[in-house]
Amino acid sequence: MPDWLTHVLFAWALWNILSLKFNMPFIGIFITGSLLPDIDKVEVMIPFNAEPFLSVFHTPVGALITSGVISMAILRDGQAHVFLALGIGSISHLLLDLMVKSMDGRVMLFFPFSFVSYSLNIIAQEDFMFLYLAMAVFLMSFIVMRYHGDVKK
Ligand SMILES: [Zn+2]
């Protein structure tokens, strides 16, 4: 996985770009969604092997179900917006993880129909290029927002 800072920077940039076109409330929830699939990392705190169960959270279906459950459990109003924010943030996380080089894959894209993990094998796990790219995209998104704001005036 890219580190969490990389996920947060990409998600924030994505939120910036999407907010140019759409009404995008809940930036904090959107960014939380970008970290949500890694909830499976709590396995390090569990004394038994829970990986088979927890790895479900790191799939598109698992991320969307988690987003739905959280949005319904926490809120009475605005559940659809929270679900979308968490869901899109989660999917952005999985798309980034897909780019990591891996012999045995990173994301079970077609779970529950298949348990095969996939990877696009673009960037090595330990490569800082991911973080530098995230920083560049993050800064560019603010420049685009600034330019877009000037054009509208
Ligand atoms: Zn991940």
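## The cis proline

Pro112 sits in the loop between α5 and α6 (129–152). Helices here are DSSP runs of H or I with at least four residues, strands are E runs of at least two, and both are numbered from the N terminus. The peptide bond from Phe111 to Pro112 is cis, with omega near 10°.

This is a predicted model, in which local features need pLDDT of at least 70, side-chain atom pairs count only at pLDDT 80 or more, and totals for chains, interfaces and linings use all residues. Residue numbers start from 1 along each chain as its sequence is written.

## Overall build

The chain has six helices and zero strands. Along the sequence the pattern reads α-α-α-α-α-α. The radius of gyration of the chain is 16 Å, close to the 15 Å that the globule rule gives for 153 residues, so the chain is as compact as a globular protein of that length. That radius is taken over C-alpha atoms, and the globule rule is 2.2 Å times the number of residues to the power 0.38. The C-alpha trace spans about 55 × 40 × 30 Å along its principal axes.

Of the 153 residues, 28% count as buried. Buried means 20 or more other C-beta atoms within 10 Å of the residue's own; exposed means 12 or fewer; partly exposed is in between, with C-beta atoms placed from the backbone. Among contacts in the chain with a separation of 6 or more, 57% come from residues 24 or more positions apart. A contact requires two C-beta atoms, placed from the backbone, within 7 Å.

## Helices α1 and α5

Two packed helices are described by the angle between their axes and the distance between the axes. Helix α1 (residues 4–21) packs with helix α5 (residues 79–98) at an angle of about 125°, and their axes are 10 Å apart. α1 is therefore oblique to α5. Axes are lines fitted to C-alpha atoms, for helices over the stretch in contact, and angles run from 0 to 180 degrees between N-to-C directions. Under 35 degrees counts as roughly parallel, over 145 as roughly antiparallel, 65 to 115 as roughly perpendicular, and the rest as oblique.

From α1, the contact uses Thr6, His7, Phe10, Ala11 and Leu14; from α5, it uses Gly89, Ser92, His93 and Leu96. By class, the contact has four nonpolar, five polar and no charged residues. Nonpolar covers Ala, Val, Leu, Ile, Met, Phe, Trp, Tyr, Cys and Pro; charged covers Asp, Glu, Lys and Arg; the others, Gly among them, are polar.

Ala63 belongs to helix α4 (residues 60–74). Ala63 is buried because 24 other C-beta atoms lie within 10 Å. Leaving out residues up to four places away in sequence, Ala63 touches Leu36, Pro37, Phe57, Ser90, Ile91 and Leu94.

Helix α2 (residues 27–35) buries Ile29, Phe30, Ile31, Gly33 and Ser34. The buried residues of α2 pack against α1, α4 and α5.

## Positive phi in two loops

Phe26 lies in the loop between α1 and α2. Phe26 is not a glycine, yet its phi is positive, at about 65°. Phe26 counts as partly exposed because it has 17 C-beta neighbours inside 10 Å.

Asn121 lies in the loop between α5 and α6. Its phi is near 55°, a positive value in a residue other than glycine. With 14 C-beta neighbours inside 10 Å, Asn121 counts as partly exposed.
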